[in-house]
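Let's take a friendly walk through a protein model together. Have the sequence and the 3D view ready, and follow along as we go.

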Amino acid sequence: MCHFLSRDGGKIRSGSYSRSMNHSMLSATPIRNLCLILFVVCIALASSSFAQLPFLTSRGDNARDGANTNETLLTPANVNKGSFGRLFSFPVDYVVMAQPLYVPNVNIPGQGTHNVIYVVTQADSVYAIDADTGTQLWYASMLNGGTTASGKYLPCGTAPGFNQEGIVGTPVIDTNTNTIYLVAKTLLNTTVRHHLHALDITTGNEQPGSPVLIQATSTSNAGHKTVFNSLHQKNRPGLLLLNGVLYLGFGSNYCNDGNSGWVLSYDPASLSQLAVFNTSPDYGLTSIWQAGNGLAADEAGNIFVETAEAGSRGFDVPAGGQTYCNSVIKLFPDLEIADYFTPWTVAFLNSHDLDLSSTGAVVLPDLPDSPFPHELIASGKEGIVYVLNRDNMGMFSTGSDSQIIQELGLLPTINDGSTGELQFGSPAYWNNTVYFAPDAAPLMAFPLSGGLLGTPITTGKYVGAHSPSISANGNTNGIMWVISGPQLFAFDAVSLKMLYGTSQSGTRDKLPPVGHFATQTVANGKVYVATQNSLEAYGLFHQVTITGGSAQTATVATALPAPIQVLAANPYTGQPDVGATVNFSDGGKGGKFNPASTITDANGNASTTYTVPTKAGTYTLTISGTGFGNVTTTATATTGAAIKIIAYGGSKQTGYAGGNLANPVIAQAQDFYKNGVAGVTINFSANKGAVPNPSSVVTDASGLARTTIQLPTNVATITVTAGSAGLKNVTYVEYSIAGPAASIVVSSGNNQFAPAGTQLAQALTVFVADQYGNPISGAPVTFSDIGAGGAFSNPNPGVTGPNGVATQLYTLPTNAGPVTINATVTGVASPAVFTETGQ
């Protein structure tokens with residue numbers, strides 16, 4: 001229900017601030033041997049182009065898209081634990097629920113011009129903090145003789161994580177009048193009150209006519225009168241400043257007691273109330289809380305809010321009622337109802353506490369490729385996403401939501417009512433992509449094409465309940481920022497690859513516990529997070545640029561030809577970092593810096609000399625220091641002159657006569673520090689008929705020379721010699737042994753005569769040799785009389801001795817007559833044949 005009030009002649013001003021400018025940071029590429037003074041000038045020019053745009057309202061703009069597209073310093077390349085981290089921590093007096101706001105170049109009386117971050121707390125305190133140094137510029141209390149609401153004056157208790165309530169909603173800043181507007185809850189004379197404050201952002205002083213007590217009354221179409229009662233109300237959504245009108249949203253303290261959902265509008269000049277809207281003027285409840293996200297607006301001046309559940313009477317609008325529970329409501333600037341959307345499952349949402357108002361609406365920019373160019377994204381605890389046409393929201397339809405553009409679930413819906421509370425906070429929008437951070441679910445990036453959400457990219461599983469933000473330079477260098485559990489995370493906005501987390505560097509960047517649904521602010525090339533007791537500022541460490549001596553080469557154990565020179569500078573101002581400690585390290589690889597640690601001079605310069613290690617190779621040199629990120633270069637140590645040859649491998653091998661050794665014989669040319677030296681000619685020779693192939697070899701990159709040795713045809717012990725001019729020879733011992741059996745012949749014992757049944761007088765003897773006639777030792781020889789009935793006395797098969805001979809004793813069979821005996825060896829087809837005769 002809307003009641004429009006007079007504007008008291010107040011001037012209507014635009015409170016918006018243009019975010020469309022695309023300031024790109026000039027880059028200065030150092031040229032080798034460029035004068036350092038010119039290099040400093042280049043850095044200064046680069047930083048001077050760093051555009052400092054303000055962050056004046058919840059989520060950064062009235063569309064609540066959460067995207068800062070004028071960020072020229074933070075990129076996926078430099079947001080990592082080496083170059084990004086905590087810059088400062090500023091203590092505050094109590095829990096911060098609101099999003100920090102930022103204004104550059106504020107003239108603080110008596111203190112000069114500062115970039116300022118504004119923080120409000122649940123203790124009804126307002127802080128103006130230097131956004132670059134963390135120094136307090138001014139402080140103001142909104143208690144005005146009272147106290148914060150606590151104890152019995154918090155009807156819903158302390159479940160949201162605080163025991164006193166003061167300033168909850170994110171303020172809004174009008175830079176045209178240098179005014180910050182905020183709502184503070186106080187307790188005065190046992191009465192809980194809300195006041196609208198207008199403070200001068202340069203001093204913290206109240207503007208003329210500030211503060212004003214917030215009061216409101218609504219009368220329903222049925223005649224029911226409702227009076228705004230601060231005891232039961234909370235200003236959770238961020239304030240909206242639109243076309244010279246200030247809009248405030250209210251809901252419950254946390255539970256359903258005596259609250260209602262309200263939108264109130266004020267003239268920001270006079271702070272006089274202009275209009276009142278009650279989301280359920282007959283029955284109450286139907287809160288607007290939106291997890292702190294601000295009331296949204298489009299360029300046509302329409303306002304969009306999401307509501308929570310109603311009481312037992314539920315959604316009654318189709319029957320002529322005015323309870324817009326679990327709905328997305330479109331309001332005209334005078335707070336008259338323009339349109340609405342209510343899911344067909346509204347009764348289920350009401351009965352299961354699945355508020356739509358756990359999220360805030362996001363207004364998309366005009367979509368020329370969509371049949372519906374004016375779209376809005378809404379959601380709720382259930383994790384159902386509603387893509388709505390702002391020109392025709394869809395109202396209510398029984399049985400389905402087919403009248404809207406699109407409806408989809410962030411995760412498969414469980415139809416038994418146990419879906420749980422999945423989505424809190426608002427999505428972010430950038431570069432035709434909508435980003436969600438559901439609770440206990442993967443992060444999701446939905447492409448938007450033709451006005452429809454497509455298949456998302458997902459990553460990991462994170463604890464949600466915080467809205468994501470995007471920083472980007474136009475449509476490039478997108479980073480998604482989100483608080484999850486005890487960490488602030490950064491992800492590449494295109495791939496969702498994790499870039500940074502505040503726990504990656506131990507306790508250095510540790511994020512303190514944050515308030516309920518706290519949202520990070522990305523501005524000023526930094527990320528600000530307000531916590532339960534502090535403001536944490538994360539950003540780029542001071543930059544160290546190598547200005548000389550990069551990627552040099554020197555002989556092992558000698559100094560690089562030129563010193564390594566670096567310039568340390570502030571990435572935000574371009575000013576040289578004077579008196580900074582700079583450390584040089586090769587990771588313990590054995591090189592020596594002189595000095596290993598130094599101090600930058602008046603121009604931010606530092607230098608060192610580096611003696612490379614005794615081991616040849618390429619080394620990574622790291623330059624680091626307090627307050628700035630690491631930078632690396634390389635140094636290559638090359639080998640010295642060869643002073644010796646060593647037998648590197650292939651000695652004491654054994655091979656068959658006439659064949660090649662299985663492995664090459666390897667020699668290495670070494671310098672004084674035992675590094676292999678390339679390009680040395682090594683000559684190989686061998687005695688006793690062995691042949692190296694090749695006989696002359698040039699060492700490779702490891703200083704190695706390899707040759708294959710062909711053995712002589714006889715059994716022998718071979719000496720191989722490796723030598724090079726001016727260097728001492730080295731030798732290898734190799735062994736040529738008999739090869740596989742190639743022949744077996746009778747040596748003695750053939751053609752004997754003896755009485756049948758008796759042993760032959762002479763042993764049967766065979767000789768086994770390889771293909772070159774070398775006797776084979778250890779060859780098993782089998783004797784057989786082919787079943788004639790005789791007997792062999794020695795083990796059968798027998799084994800050849802060192803001379804290649806095997807013997808066997810034979811007893812003739814009892815029958816007289818000739819007997820043929822074959823002696824065989826593996827690998828030889830033809831046996832040695834004996835013919836013996838029994839008489």
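A residue is called buried when its relative accessible area is under 20%, exposed when that value is over 50%, and partly exposed in between. Keep in mind throughout that this model is predicted.

C255 does have a partner, though: a disulfide joins C156 to C255, with an S to S distance of 2.0 Å. The count for the model comes to one disulfide. Follow the chain and you will see that this pair links distant parts of it, 99 residues apart. C156 sits in the loop between β8 (149–150) and β9 (164–165), while C255 sits in the loop between β17 (245–250) and β18 (262–266). With -80 degrees about the S-S bond, the link is left-handed. Are the two ends buried or partly exposed? C156 has a relative accessible area of 13%, so it is buried. C255, at 26%, is partly exposed.

Now turn to a sheet. Strands of a sheet pair through backbone hydrogen bonds, either parallel or antiparallel. Here five strands line up in the order β2-β33-β34-β35-β36, making an open sheet with mixed pairing. At its edges stand β2 (67–68) and β36 (498–501); each has a single partner strand, so one side of each is left without a neighbour in the sheet. Within the sheet, β34 (residues 476–484) and β35 (residues 487–492) pair in the antiparallel sense over six bridges.

Rings are our next stop. Across the whole structure, a search finds 23 aromatic pairs. Take the rings of F783 and F834: their centres are 6.5 Å apart and their planes meet at 40 degrees, so the pair is tilted. This pair also links distant parts of the chain, with F783 in strand β61 (residues 780–784) and F834 in strand β67 (residues 832–838), 51 residues apart. Both F783 and F834 are buried.

Elsewhere, F315, Y324, Y340 and F396 form one aromatic cluster. A ring can also have a charge over its face: K526 lies over the face of Y572, at 3.6 Å from the ring centre.

Conventions
Residues are numbered from 1 along each chain as its sequence is written. This is a predicted model: local features need pLDDT of at least 70, side-chain atom pairs count only at pLDDT 80 or more; totals for chains, interfaces and linings use all residues. Side-chain values use heavy atoms; hydrogens and water are left out. Two strands pair if DSSP finds at least two bridges between them. Helices (H or I, at least four residues) and strands (E, at least two) are DSSP runs, numbered from the N terminus. Rings of Phe, Tyr and Trp (its six-membered ring) pair if their centres lie within 6.5 Å; planes under 30 degrees apart count as stacked, over 60 as edge-to-face and the rest as tilted. Buried means under 20% relative accessible area, exposed over 50%, partly exposed in between (1.4 Å probe, protein chains only). A charge sits over a ring if NZ of Lys or CZ of Arg is within 6 Å of the ring centre and within 35 degrees of the ring normal. A disulfide is a pair of cysteine sulfur atoms within 2.5 Å.
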